[in-house]
Amino acid sequence: MLKLRSYLAPYMASVVLILALVFFQSLAELLLPTIMAEIVDIGIVQGDIPFIFKMGIWMLLVAAFGMLCSIWGSYLAAKTALGFGKDLRSKVFAQVESFSLQEINRLGTATLITRTTNDITQVQQVFIMLLRMIVSAPLMLIGGIVMAVSKDARLSLILVFALPLIALTIYLIASKGIPLFKAIQLKLDKLNLVLRENLTGIRVIRAFNRVEHEKARYEEANRDLTATTVKVQRIMAAMMPAMMLIMNLTAVSIIWFGGIRVDLGQLEVGDLMAFIQYAMLILFSLVMLSMLFVMLPRAAVSAARINEVLEAETEREVKMEAGKVIEMDVGKDVGIESKMKAKEVAGTEAIEVRPLKKTGNQLEKEKQDLPLAKGPVNRERELNGKMQSEGALLEFREVTFSYPEAEMPALRNISFAVQPGKTTAIIGGTGSGKSTLLKLILGFYKPSQGQITIDGQDIWTMPLKDLRSRIGYVPQKAVLFTGTIADNIRYGNLEAGAEEVRKAAEIAQADEFISQLENNYEAVIAQGGQNLSGGQKQRLAIARALVRRPQIYLFDDSFSALDYKTDAKLRKALQEVTQAATVIVVAQRISTVWNADQIIVLDQGQIVGIGRHQDLLQNCEVYREIAGSQLSQEELA
Amino acid sequence: MRNEQSSDRQLRPGRRHLRGGWALGRPKEKAKDFKGTLRRLLKYLSPYRGQIALVFTMAVLSTSFSILSPIIMGKGTTIIFEGFLLKLQGVPGAGVDFQHLGRLVFSLITLYLFSSVFSYGQQFLMAGIAQKIVFKMRQDLNVKLHVLPLRYFDSRTHGEVLSRVTNDVDTVSTTLQQSLTQLITSLVTLLGIVLMMLIISPLLTLITAGILPLSFLITAQVAKHSQKYFADQQKALGELNGHVEEMYTGHEVIKAFGRERESVQKFEEINDRLYASGWKAQFVSGIIMPLLSFINNLGYVLISVVGGIMVAKRSIEIGDIQAFLQYSRQFSHPIVQTASIANILQSTIAAAERVFEVLDEVEEAPEPKEPQVLKYPRGEVRFENISFGYQEGDVLFHNLSIVVRPGETVAIVGPTGAGKTTLVNLLLRFYDVQAGKITVDGIDIRDLSRRDLRRMFGMVLQDTWLFNGTIKDNIAYGREGVGKEDIIRAARAAHADHFIRTLPEGYETVLNEEASNLSQGQKQLITIARAILADPPILILDEATSSVDTRTEILLQKAMTKLMEGRTCFVIAHRLSTIRDADTILVMNNGKIIEQGNHRELLARGGFYAELYNSQFSTGGPADSPGQES
């Protein structure tokens with residue numbers, strides 16, 4: 001909780017002002033009974049009606065002053081708490097966006113989402129409660145005591161009994177109830193888990209007649225939850241009646257003992273009435289204060305979860321840059337022109353705002369790239385239907401990689417080279433390390449040993465941005481984002497014009513289904529691409545990689561959801577575009593790979609064969625096994 | 001103090017308001033059929049009629065007592081005041097009448113005690129009632145979920161269903177627990193206070209009542225304004241959550257394409273909007289309290305002044321003023337509370353309605369009254385002129401007829417898609433055909449009990465069909481009364497024994513869908529072991545071994561081939577030999593059966609299958625590349 005304090009710094013002035021306002025508001029509140037006492041003791045006793053009026057006006061002024069303070073405080077508190085929440089949210093989101101794959105997998109997507117949304121809302125909510133109500137409680141408590149003592153110190157002795165009594169009662173009830181609240185949460189989670197399993201496994205449950213079993217499991221969880229809830233509700237039910245009883249009895253004793261004091265002439269009646277009101281204020285403040293102890297632990301849990309995110313490691317790039325320049329220090333400097341919609345070909349600057357210090361090398365490269373991208377010659381070439389790009393030499397040199405805490409390396413001693421203009425296919429069973437290999441090329445993970453180079457340069461010596469800008473990656477699971485079809489394709493290259501987008505879609509065999517959609521390229525894709533079929537998503541993901549015109553293409557089993565005809569057409573079209581580029585295809589089916597210039601056979605993280613189809617059939621046992629399970633005897637001959 | 005922060009993420013963002021006074025001014029949720037839903041909800045309450053009556057009685061008593069006390073307390077003050085005045089006037093022997101005061105104090109203590117006891121008793125009872133009702137509601141929902149057709153689940157997200165069973169029920173629960181008695185208390189308080197104030201002084205009551213419209217006006221105005229901001233805030237929050245979820249799940253793609261900056265920018269933009277509407281909503285709803293409390297103070301001052309003058313003129317007693325002040329302070333509270341409870345009730349009814357909607361869904365076709373029993377099934381399966389589609393107008397199978405004799409094999413060929421799921425759906429009666437019938441050994445599968453029908457099928461599929469339980473249970477499921485020996489023998493035959501024994505708990509390892517330490521291939525081996533043990537007449541299996549490492553794959557193939565012998569098989573086929581040797585080949589594309597026949601017939605037809613066959617399995621290999629073009 002305390003660690004988040006630093007995010008409060010910009011609001012410190014506001015917080016101080018709010019505290020002052022709350023103080024004045026409390027003061028106003030505390031003054032009213034005293035003025036009323038004056039009315040009784042002087043105005044009524046002496047029948048002085050003008051005095052009563054005068055005091056009445058005073059009371060009104062004081063009340064109005066209290067209201068103004070309160071409203072101003074409320075305004076500041078809303079801005080401060082929400083602003084704080086906003087800043088924190090931005091920070092956390094930017095932080096997560098800069099996480100490496102490893103980090104995001106370690107923490108888990110689901111919990112990161114909760115932390116960015118619910119946990120921050122929780123902290124923000126508690127913060128606002130803190131500012132608006134709870135801060136005033138101690139002020140009222142102390143102020144009330146001061147006023148009460150000033151009215152009659154002897155009578156205040158009653159409070160010496162009442163205060164500990166009420167505190168003890170709260171403590172007793174809360175200490176029994178609060179642990180049970182946690183238990184309820186766990187039991188509710190359990191019930192939800194059973195329910196979720198029931199939903200995801202519904203076919204299995206029905207096919208295997210497990211319905212009765214599952215019903216019993218659910219009923220048990222439900223019964224358990226209900227029992228605990230009843231218990232906690234019954235404990236908490238005692239809270240309010242007990243509070244009321246103590247407060248009321250306090251009031252009664254004040255009347256009794258106050259009566260004695262009045263009788264002895266040591267206290268005036270108006271002061272007695274005021275005293276009762278102060279006593280109530282004091283006790284009520286204590287109740288409010290106790291809320292703090294309920295809310296703070298909850299907020300502390302959320303705060304700790306947020307902190308964990310903020311303290312986690314970010315990807316090396318971003319960290320490195322954070323030292324030098326701002327990079328991910330998100331924010332206002334980047335204008336709100338943020339939709340994925342960068343302007344057509346015109347605006348390279350739109351994405352070039354990155355305050356990344358460029359190496360001379362890079363600048364050189366951009367200089368070469370820019371005219372290429374914009375130049376009329378190049379454009380014409382594209383329009384003629386060639387989205388080709390020149391490849392790069394990609395090399396693995398004795399690369400070994402282990403996932404953190406894994407016993408065995410996922411890849412061991414991998415060496416191979418892919419020449420520009422050639423296609424390399426990687427085949428192997430699940431867990432053989434195919435996808436991991438692609439992720440290493442993307443710099444998602446760092447090899448434990450060995451080097452991966454592009455045109456001779458170790459990829460871990462170039463900025464990640466630069467590395468990834470050379471790569472067109474089509475993941476196994478086609479992930480699309482909310483937005484139009486065109487937005488999604490252009491995601492690969494924000495400068496791509498409408499024509500380029502269309503061309504890429506055409507090559508990816510997506511143009512046809514897009515043109516059948518309402519609004520065509522402007523058709524909106526729902527979250528997660530739910531309104532598209534698997535094959536359609538895959539084709540868009542391919543188009544997205546194509547529009548990037550990368551040096552290196554990585555296809556991770558990217559054709560699996562396509563029907564055979566589309567698959568064939570797509571591949572033919574792809575061949576033309578990727579002619580000069582470096583292409584790596586991960587595949588499961590022999591028929592996908594047998595035309596490749598080079599096939600790498602992976603088995604349990606190691607290369608067990610490398611060569612062309614026919615060679616491998618003869619030399620590589622694993623390849624033969626895979627082929628044997630997919631092809632007939634004659635085909636193997 | 002209920003923990004609303006359920007760890008479940010499926011919560012609709014709009015439903016997490018803070019309860020109590022702050023609910024005022026939030027956008028309302030409206031039920032479609034308020035009366036009908038209320039009536040049904042009351043039906044849930046009806047078994048507890050007696051107890052609820054008791055709760056209400058206690059609530060009324062407790063409130064009445066607490067309303068009575070200020071006036072008595074006021075009398076106490078009056079006694080003191082009068083004693084004081086007499087003393088001041090120098091009347092000899094005068095002073096506070098402690099005997100009278102003692103009686104008052106005693107009756108006050110009694111009142112307070114009873115009031116608290118009743119208030120506790122009322123809440124104590126209500127906790128039991130509310131939770132029992134909610135228990136029943138959850139129970140009803142769960143029972144219902146098990147008789148809903150698969151169509152229901154396939155057509156909506158899990159989150160949607162979950163949200164009804166958890167959040168909506170939760171809303172009902174909280175309302176039953178808190179708001180119901182609060183409503184009673186508020187109304188009684190309101191009534192009682194007005195009565196007491198009238199008794200004390202009609203004139204002062206008039207003054208208080210004159211201020212009342214002001215409270216209403218302000219509350220209404222603020223609510224009107226804040227609703228817009230709350231709606232904006234909710235919208236922005238929804239967008240923000242959506243963006244976060246999308247970006248976090250798509251992290252890999254964002255990284256690969258280097259679009260972190262754009263993602264953060266969009267987040268910033270939404271976050272700014274959230275802030276802009278959020279603080280306004282917070283502020284506007286936050287000023288209700290100061291405003292109301294000022295109006296309250298206004299009343300307080302007026303009463304002090306007017307009352308003071310009245311006391312000075314001796315037309316009213318001072319204790320009555322004190323009591324009146326207390327009443328007028330409490331006055332606006334029940335009004336605000338009633339208004340906010342009205343809001344809560346609305347959203348509760350809307351929640352209850354969503355729950356009832358589930359309970360009203362059409363159930364699966366009932367089991368046949370006198371189900372036929374196949375004692376020794378041979379495994380002859382016939383599709384007789386069946387038609388089927390998931391949606392109206394989208395026909396996948398049209399007038400399809402297939403005869404599969406015992407022991408024959410049907411190969412399903414084609415690109416991946418809904419094909420095999422549909423087949424399983426129909427054979428196991430997760431869905432019923434729309435026309436025609438499916439028979440096993442001549443009996444319409446709708447005349448068999450679902451239990452018996454499903455027992456006839458063994459399934460070895462890609463998406464592993466394991467249920468929550470131990471490995472042992474999962475293998476043993478196929479047959480009743482099998483010993484450990486049989487289970488191990490089956491596991492051995494399926495080449496699964498070895499890896500099972502390497503697990504820390506061996507055969508007692510508990511499988512669950514979420515976290516399992518088994519690989520896909522291992523799970524599949526377990527299903528094979530199960531099928532071996534169960535010895536079902538009909539098999540549905542999947543040859544695709546894409547998620548299995550090469551060595552396991554070979555084991556799987558061996559085990560499957562052995563398993564298939566002598567059984568009727570539906571095979572999602574990938575091996576050429578399986579396809580060619582199949583008695584019937586169903587060629588599927590986009591979930592539809594487009595061709596049907598054996599290998600030779602289909603080749604001769606020169607249609608989709610022929611093309612597929614040539615592209616996939618053409619004998620030349622890479623020599624006459626590109627293979628796809630032929």
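**Pairing of strand β3(B)**

Strand β3(B) is joined by 4 bridges to strand β10 (residues 568-572) of chain B, the two running parallel, where strands are DSSP runs of E of at least two residues and helices are runs of H or I of at least four residues, both numbered from the N terminus, and two strands pair if DSSP finds at least two bridges between them. This is a predicted model, in which local features need pLDDT of at least 70 and side-chain atom pairs count only at pLDDT 80 or more, while totals for chains, interfaces and linings use all residues. Residues are numbered from 1 along each chain as its sequence is written, and chains are lettered from A and ligands numbered from 1 in the order in which they are written.

**Burial of β3(B)**

Because 5 of the 5 residues of β3 (residues 409-413) of chain B are buried, the strand is largely enclosed by the rest of the structure; a residue is buried if 20 or more other C-beta atoms, placed from the backbone, lie within 10 Å of its own, exposed if 12 or fewer, and partly exposed in between.

In a regular strand the side chains alternate between the two faces of the sheet. Here Thr409(B), Ala411(B) and Val413(B) are buried on one side, and Val410(B) and Ile412(B) are buried on the other.

**Arginines with positive phi**

Arg549(A), in the loop between α20 (534-546) and β9 (552-556) of chain A, has a phi near 45 degrees, and it counts as buried with 23 C-beta neighbours inside 10 Å.

Arg429(B), in the loop between α11 (419-427) and β4 (435-440) of chain B, has a phi near 60 degrees, a positive value in a residue other than glycine, and is buried with 21 other C-beta atoms within 10 Å.
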